[in-house]
Amino acid sequence: MTPRAFLVVDDVLANVKLLDARLTAEYFDVVTAMNGPEALAICERAQCDIVLLDVMMPGHGRFEVCRRLKANPATHHIPVVMVTALDQPSTACAGSTPAPTIF
């Protein structure tokens with residue numbers, strides 16, 4: 001199934017705008033969140049098909065959002081793609097349980 005709506009989660013507004021513009025140009029629907037709690041609420045309302053999640057997001061974010069999504073029966077099916085500027089996948093996903101898909 002091709003995703004219809006992407007959730008972009010990043011605490012840096014410029015990154016959110018960049019991904020939003022790129023995905024919108026490809027005719028995808030885009031929902032955005034600036035933090036983990038916002039992202040979880042959007043997912044629980046079934047407003048997205050896939051999550052693009054910033055690895056470097058501070059506070060209640062990063063791997064905690066992924067863990068909570070996968071632990072919740074209502075959201076465990078939503079794919080999570082970690083987005084990062086880090087150059088080593090092992091660094092980007094260190095401590096991540098469950099492990100996200102690495103592209």
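Biologist: Leaving aside its neighbours within four places in sequence, which residues is Thr-75 in contact with?

Modeller: This is a predicted model, so I will speak of computed values. Thr-75 sits in the loop between helix H3 (62-71) and strand S4 (80-83). Once its neighbours within four places in sequence are set aside, the residues in contact with Thr-75 are Cys-43, Glu-44, Arg-68 and Leu-69.

Biologist: Which residues touch the most other members of the largest nonpolar core?

Modeller: That core holds 19 residues, and the elements giving two or more residues to it are strand S1 (5-9), helix H2 (36-44), strand S3 (50-54), H3 and S4. A second, separate core of 7 residues includes Phe-6, Val-8, Val-16 and Val-81. In the largest core, the residues that touch the most other members are Leu-7, Val-9, Cys-43, Val-51, Leu-53 and Leu-69.

Biologist: In what order do the elements run from the N terminus on, and what share of contacts between residues at least 6 apart in sequence joins residues at least 24 apart?

Modeller: The protein has 4 helices and 4 strands, and from the N terminus on they run β-α-β-α-β-α-β-α. Among its contacts between residues at least 6 apart in sequence, the share that joins residues at least 24 apart is 59%.

How values were computed:
Residues numbered from 1 in each chain as written. Predicted model: local features only at pLDDT ≥ 70, side-chain atom pairs only at ≥ 80, totals over all residues. Heavy atoms only, no water. Contact = heavy atoms within 4.5 Å. Core = buried A, V, L, I, M, F, W, Y, C linked by side-chain atoms within 4.5 Å. Buried < 20%, exposed > 50% of the residue type's maximum accessible area, 1.4 Å probe, protein only.
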